[in-house]
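Take a first walk through this structure. The text below goes from single residues to the contact between the chains.

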Protein chains: 2
Amino acid sequence: MNKLLILSADAETYYGLIREADLQQFEMTATSDIGTARDLVAGCNIALGDPPLLSEVLASADGLEWVQSTWAGVEQLCRPGLRRDYVLTNAKGIFGPQISEYVMTYLFAFERRVFNMRINQLNQHWQPLAYRPAKEITLGIIGLGSIGRDLALTARRFGIRVIGLNRSGKPSEAVEKVYSVDQLAEFLEKPDYVVLTLPATPQTNRLIHADMLKIMKPSAVLINVGRGNSINEADLVCALREGIIGGAVLDVFEKEPLARDSQLWKLANVFITPHTSAISFPADISSIFIENYHRFVRREPLMHVVDFELGY
Amino acid sequence: MNKLLILSADAETYYGLIREADLQQFEMTATSDIGTARDLVAGCNIALGDPPLLSEVLASADGLEWVQSTWAGVEQLCRPGLRRDYVLTNAKGIFGPQISEYVMTYLFAFERRVFNMRINQLNQHWQPLAYRPAKEITLGIIGLGSIGRDLALTARRFGIRVIGLNRSGKPSEAVEKVYSVDQLAEFLEKPDYVVLTLPATPQTNRLIHADMLKIMKPSAVLINVGRGNSINEADLVCALREGIIGGAVLDVFEKEPLARDSQLWKLANVFITPHTSAISFPADISSIFIENYHRFVRREPLMHVVDFELGY
């Protein structure tokens with residue numbers, strides 16, 4: 001008999017969705033409380049849950065064979081000192097369209113000056129505002145995992161030119177050209193919009209700092225939908241204040257929630273959202289869990305296995 | 001020798017772009033002034049221009065063989081009483097991606113409550129706001145010309161379900177199901193967003209009126225990127241005030257510019273833009289003109305010929 005612990009803010013929803021699947025050799029319990037979970041996890045060989053909650057109970061989870069994360073980002077489970085004697089799988093292949101929604105919405109909100117339009121409307125002021133043809137816009141995507149590739153293909157449907165950057169510079173059919181991380185400076189000269197879709201790892205730490213921001217076009221907009229560690233936030237505040245870059249759209253931050261006294265909230269041309277560019281809809285995550293459970297029972301390789309060293 | 005008159009707000013830009021093509025058997029003049037154009041047009045067999053300006057000089061244009069419109073909408077040139085003894089071609093196949101930009105931007109601005117997010121930001125308030133998965137959103141497109149089809153394919157990339165309506169109900173691969181204009185009421189029950197991409201013709205006049213608005217979902221948002229005649233504006237104001245529908249995004253109006261005393265400007269959940277959802281970039285229009293000119297010289301059928309009776 002396999003025993004699952006569900007530990008998530010959406011525990012009840014997951015419980016209902018997984019019960020419907022009527023899995024074989026299977027029992028489960030669900031909670032959103034860490035204390036309760038600590039008592040329960042010792043008797044479970046599988047866990048499904050939100051990484052920050054799971055990280056608090058790992059020490060008690062001696063019988064754990066497999067953990068399915070409800071999130072894409074699993075940095076809290078890859079921290080040094082935490083156990084790694086189980087298989088960790090994350091949520092992948094489902095956030096691309098959501099991130100594309102977010103990036104395209106804010107990209108065109110900038111291009112078409114949607115917030116200025118709104119102010120004109122409130123003043124009953126009929127005033128066309130110019131915008132560029134999409135083919136004159138270059139989007140640069142840092143990180144060409146499934147999210148970065150989906151975004152690239154979506155942007156291209158609008159006629160936008162797309163270049164990308166990944167660790168090795170290995171070409172991808174999704175973009176016109178791929179730069180390697182060693183070519184970051186050369187890459188950053190080109191885009192009108194730079195989008196970060198990176199996981200939080202030691203390698204991505206503060207990749208974007210003052211020297212890199214200076215290389216970007218003065219009109220360029222930096223969009224972060226990955227993790228907050230990728231940007232040196234103090235350097236970004238300076239760059240935005242001094243007009244080194246044109247704007248930013250930030251969904252993730254060095255510390256979340258973003259502190260009320262952060263300079264970022266009120267800077268001109270900065271748009272802040274509370275880590276909601278993509279959310280884990282339980283129906284999507286449950287489908288991944290159920291497919292992986294069938295593989296687990298059949299002792300087949302699981303989908304979306306995380307490399308603890310790489311952190312994704 | 002062919003003689004072209006350019007009559008457009010962008011006359012000088014068009015002049016420069018077409019001169020670069022170095023066309024054979026060709027002379028041209030360019031103006032943005034109607035009076036000057038009236039004197040010049042008599043000696044020209046071709047005109048390229050903006051429909052409202054061209055409509056003012058047609059009476060003097062006895063030698064005209066072909067007119068290339070810089071716009072998609074040519075209702076001003078199809079009015080009863082105006083000459084029709086020439087071939088009229090319009091701008092087509094270039095506005096789809098621009099309209100898709102506009103519609104997707106405002107659709108997701110509604111879904112993701114981008115303007116509420118902005119207010120939260122200005123209050124330094126970290127507050128996730130829920131949104132629906134794209135696959136739970138139905139987009140209904142009225143008008144499945146090249147613009148409607150491009151929009152359908154773009155929306156589907158995000159996972160949105162798309163249905164359409166055209167005159168005959170003839171199926172289209174771009175959408176899941178096509179309704180005929182006789183099935184308008186049945187169609188209007190289904191979408192979360194209804195987009196109008198219709199030309200101004202007697203058949204499209206006030207297609208959307210009080211009875212049709214009542215059929216729509218109370219949460220539905222009406223988006224008009226076609227022509228203002230398609231909507232009974234007084235009925236729309238009532239429907240928005242009384243919560244019969246959830247909102248509107250309006251780029252076109254019965255009279256433009258929208259009057260300062262229109263009720264629409266300040267209604268909650270209404271977004272007004274000044275007929276800029278798609279604009280004629282002269283580089284795109286010039287390419288159509290130049291290709292059509294080569295066909296004209298070779299006496300081949302022109303692209304995008306307008307049927308004066310249909311009005312598109």
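**A guided walk through two chains**

Begin inside chain A. Leaving out residues up to four places away in sequence, Phe187(A) touches Gly140(A), Ile141(A), Ile142(A), Ile163(A), Gly164(A), Leu165(A) and Tyr179(A). Contact here means heavy atoms within 4.5 Å. Phe187(A) sits in helix H7 (residues 184–188) of chain A. Helices (H or I, at least four residues) and strands (E, at least two) are DSSP runs, numbered from the N terminus. Phe187(A) counts as buried, because its relative accessibility is 0%. Buried means under 20% relative accessible area, exposed means over 50%, and partly exposed lies in between (1.4 Å probe, protein chains only). In sequence, Phe187(A) and Gly140(A) are 47 residues apart; in space, C-alpha to C-alpha, they are 7.8 Å apart.

A word on the ground rules. The model is predicted: local features need pLDDT of at least 70, side-chain atom pairs count only at pLDDT 80 or more, and totals for chains, interfaces and linings use all residues. Residues are numbered from 1 along each chain as its sequence is written, chains are lettered from A and ligands numbered from 1 in the order in which they are written, and side-chain values use heavy atoms, with hydrogens and water left out.

Now turn to Thr31(A). Strand S2 (residues 26–31) of chain A holds Thr31(A). Its relative accessible area is 10%, so Thr31(A) is buried. Beyond its neighbours within four places in sequence, Thr31(A) is in contact with Leu5(A), Ile6(A), Leu7(A), Ser8(A), Ala11(A), Thr36(A), Ala37(A) and Leu40(A). Thr31(A) and Leu5(A) lie 26 residues apart along the chain, and 7.9 Å separates their C-alpha atoms.

Pro202(A) gives another picture. Find Pro202(A) in the loop between strand S9 (193–196) and helix H8 (210–215) of chain A. Pro202(A) counts as exposed, because its relative accessibility is 62%. Asn229(A) is 27 residues from Pro202(A) in sequence and 9.0 Å from it in space, C-alpha to C-alpha.

Next comes the core. The largest nonpolar core has 111 residues. Such a core is a set of buried Ala, Val, Leu, Ile, Met, Phe, Trp, Tyr and Cys residues joined through side-chain atoms within 4.5 Å. Which residues have the most contacts inside it? They are Leu139(A), Ile160(A) and Phe289(A), along with Leu139(B), Ile160(B) and Phe289(B). Look at Ile160(A). Not counting residues up to four places away in sequence, Ile160(A) touches Met104(A), Leu107(A), Phe108(A), Ala134(A), Ile137(A), Leu139(A) and Ala155(A).

Thr154(A) leads across to chain B. Thr154(A) is placed in helix H6 (residues 146–157) of chain A. With 1% relative accessibility, Thr154(A) counts as buried. Apart from neighbours within four places in sequence, Thr154(A) is in contact with Ser100(A), Met104(A), Arg157(B) and Phe158(B).

How many residues of chain A are in contact with chain B? There are 53 of them, in contact with 53 residues of chain B. The area buried between the chains is about 4900 Å², and carbon and sulfur atoms give 61% of it. In chain A, Gln124(A), Trp126(A) and Arg157(A) lose the most area to chain B, together 18% of what that side buries. Buried area is the accessible area (1.4 Å probe) that two parts lose on being put together, summed over both.

Two helices meet here. The axes of H5 (residues 114–122) of chain A and H5 (residues 114–122) of chain B come within 12 Å and cross at roughly 90°. That makes H5(A) roughly perpendicular to H5(B), a term for angles of 65 to 115 degrees. Val114(A), Phe115(A) and Arg118(A) in H5(A) meet Val114(B), Phe115(B) and Arg118(B) in H5(B). By class, this contact has 4 nonpolar, no polar and 2 charged residues.

Finish with the backbone. Most residues other than glycine have a negative phi, and most peptide bonds are trans. A cis peptide bond joins Glu256(A) and Pro257(A), with omega about -5°. The bond from Glu256(B) to Pro257(B) is cis too, with omega near -5°. Pro257(A) lies in the loop between strand S11 (247–250) and strand S12 (270–272) of chain A. Arg206(B) is not a glycine, yet its phi is positive, near 50°. Arg206(B) is partly exposed, with a relative accessible area of 42%. His304(B), also not a glycine, has a positive phi of about 65°. His304(B) belongs to the segment after helix H10 (282–297) of chain B.

Terms used
Axes are lines fitted to C-alpha atoms, for helices over the stretch in contact, and angles run from 0 to 180 degrees between N-to-C directions. Angles under 35 degrees count as roughly parallel, over 145 as roughly antiparallel, 65 to 115 as roughly perpendicular and the rest as oblique. Ala, Val, Leu, Ile, Met, Phe, Trp, Tyr, Cys and Pro count as nonpolar, Asp, Glu, Lys and Arg as charged, and the others, Gly among them, as polar.
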